Structure formats: structure tokens, C-alpha cells
Amino acid sequence: MDTANTTTFDRSRGLSLDDLLPESQRVHTPEPEYEIYEPEQPPATRRHRPRWRRWTMYVALVMLTPLVLSEMVTLSYRWFTPPRTSFMLQDEGPIVYQYVDLDHISRYMIAAVIAHEDQRLGMRAGGFEISDLTSKAREYMDGDAGVGGSTIPQQLVKNIFLWPGRSAIRKGLEAVVATEFSYSMSDQRILELYLNYAQFGPGLYGVCAASWYYFNTPPWFMSEYNANQLSGVLPRPAYIERAADGGISLSVRI
């Protein structure tokens with residue numbers, strides 16, 4: 001057999017010359033080791049906002065959070081009627097209170113309260129006139145601590161959330177929340193809440209309880225005379241008493 005032909009034949013089969021040798025005579029060449037190269041990644045850099053921008057976001061969050069919460073509470077009063085207000089909770093004695101819908105209140109009483117307390121209700125955008133607020137602020141700065149004349153939305157939010165007495169802080173809070181109430185609910189709803197939460201005497205809250213207490217009649221049967229009497233006690237309710245034979249006593253010094 002020709003060796004050259006055999007070698008050619010073996011190579012055609014994919015064999016090398018080393019494969020033809022005995023196992024003891026073969027040269028074993030170790031296969032090369034390959035190292036996988038992975039390029040180094042640059043360290044991740046964290047982008048920092050400028051300090052002034054972060055502080056601006058914090059301040060905006062602190063300022064907006066109370067406004068959002070206040071608006072949520074305000075919107076809840078369109079449907080929800082809590083059984084107690086801040087004024088009721090601060091009253092040291094027992095209280096009498098009964099809620100009644102606006103449709104069950106005498107039209108005389110509704111007209112008398114609007115005429116006595118807030119003739120611009122329903123014709124004004126917002127909870128008060130800016131000119132009236134600045135005028136009363138100027139009088140307060142001049143030392144007139146007895147200045148009154150709050151609108152029905154202002155009196156309502158004062159009764160629900162705030163406290164008795166006069167101060168610039170209370171008037172400022174009153175103005176802000178009254179504006180929210182005026183833009184968040186109808187004038188009818190504001191009037192209904194006011195008539196139910198207003199104080200008509202010592203420990204006496206709401207037109208329903210007052211009508212029964214003073215006149216022994218439900219609020220939907222209140223006469224024009226009685227309605228005018230009852231609306232007249234709103235500025236100084238703590239000084240009003242019931243007459244011995246019924247009605248409002250006119251002998252109390254206010």
C-alpha cells in the first residue's frame with residue numbers, strides 16, 4: 001500500500017498524521033485557554049437636581065397639602081352633615097340641636113335671616129366683598145375690636161371650624177374657607193347649613209330647636225313676626241332668654 005495515498009486518504013477522512021501513531025507516541029498539545037474580555041463599565045452617575053429646585057418642590061408641597069385637604073373637607077359638606085360643630089364642642093353646657101332640611105323651614109325665616117345677616121347672598125361671587133373685608137381690616141387696625149358684619153358663608157365656617165372671639169388670624173382663616181365654601185356648593189346648601197348650625201341662645205343650636213323652644217311650633221309653621229324675632233337674636237345669642245309664657249324675652253340687657 002502506498003503511504004502517500006494512505007495519508008491522502010486519511011486526510012480526506014479528517015485524520016491527521018498524529019492519529020496514525022500509537023497512543024504512546026502521540027504528542028498531546030493542550031488546547032489554548034481563551035480569556036473573555038469584558039470592557040469595564042463606567043460607574044453610574046446619579047443626577048442631582050439643583051438644591052433650589054428641591055426646596056421649591058418642598059415648599060410647594062407644604063403649601064398645597066393643607067389647601068387640598070381643606071377643599072376635600074369642604075366638598076364633603078355638599079352631602080355630609082356632621083352632628084356637631086366646633087362651636088357646639090366648645091360649649092361648656094348641654095346643647096339642644098335638631099337638623100331640618102331647607103324645604104321644611106318657613107319662608108319667612110329664610111327671608112328674615114337673609115335680610116338681617118347677608119342681603120347680598122346669591123348675588124355675590126365668593127364668600128364676601130373684598131372692599132368690605134379691607135374696610136373692616138382697616139377699622140380693626142385702628143382699634144375698633146367690636147367690628148362685625150360677617151357674611152353668612154363667613155359665619156357658617158366660623159361656627160363649623162373655628163372659635164369665638166375676634167382676631168386677625170381667625171378672620172383670615174374665615175375668609176379663606178368661606179371662599180372655598182362659596183365656590184364649592186350652592187347658596188341654598190350654605191343657607192341650609194347656616195340655619196341648622198347657627199346659635200339662637202345659650203346651648204341652643206339650629207332653627208328647628210329654636211322654633212320649638214321659643215314658640216312651641218315647628219320651623220315650617222313659623223310666623224313672620226316670630227321669624228323676625230328669631231333672626232334678630234343671631235348677633236348676640238348668648239344673651240337671649242325665653243319669656244316665661246313663651247317667645248323671646250326682650251328684657252335682657254344686650
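Here is a short chat about reading this predicted model.

Student: What should I know before I start reading the model?

Tutor: Since it's a predicted model, local features need pLDDT of at least 70 and side-chain atom pairs count only at pLDDT 80 or more, while totals for chains, interfaces and linings use all residues. Residues are numbered from 1 along each chain as its sequence is written, and side-chain values use heavy atoms, with hydrogens and water left out.

Student: How many helices and strands are there in the protein?

Tutor: Helices (H or I, at least four residues) and strands (E, at least two) are DSSP runs, numbered from the N terminus. Here you get ten helices and three strands. Reading from the N terminus, the order is α-α-α-β-α-α-α-α-α-β-β-α-α.

Student: What does "buried" mean, and what share of the residues in the protein is buried?

Tutor: A residue is buried under 20% relative accessible area, exposed over 50%, and partly exposed in between (1.4 Å probe, protein chains only). In this protein, 35% of the 254 residues are buried.

Student: Which residues are buried in helix 8 and helix 6?

Tutor: Helix 8 (residues 187-197) is mostly covered, with nine of its eleven residues buried; among them are I190, L191 and Y194. Helix 6 (residues 152-161) is mostly covered too, with nine of its ten residues buried, including P153, L156 and V157.

Student: Is R124 buried or exposed?

Tutor: R124 counts as buried because its relative accessibility is 13%. You'll find R124 in the loop between helix 4 (107-117) and helix 5 (130-141).

Student: What does R124 touch?

Tutor: Contact means heavy atoms within 4.5 Å. Leaving aside residues up to four places away in sequence, R124 touches D118, E129, T151 and P153. A polar contact is a pair of N or O atoms within 3.5 Å; within protein, one must be able to donate a hydrogen and the other to accept it, and residues adjacent in sequence count only if both atoms are side-chain atoms. The R124 side chain makes one with the side chain of D118, at 2.8 Å.

Student: How do helix 4 and helix 10 pack?

Tutor: Axes are lines fitted to C-alpha atoms, for helices over the stretch in contact, and angles run from 0 to 180 degrees between N-to-C directions. Helix 4 and helix 10 (residues 224-231) pack at about 35 degrees, with axes 8 Å apart. On the helix 4 side, the contact includes Y108, M109 and A112; on the helix 10 side, A227 and L230 are among the residues.
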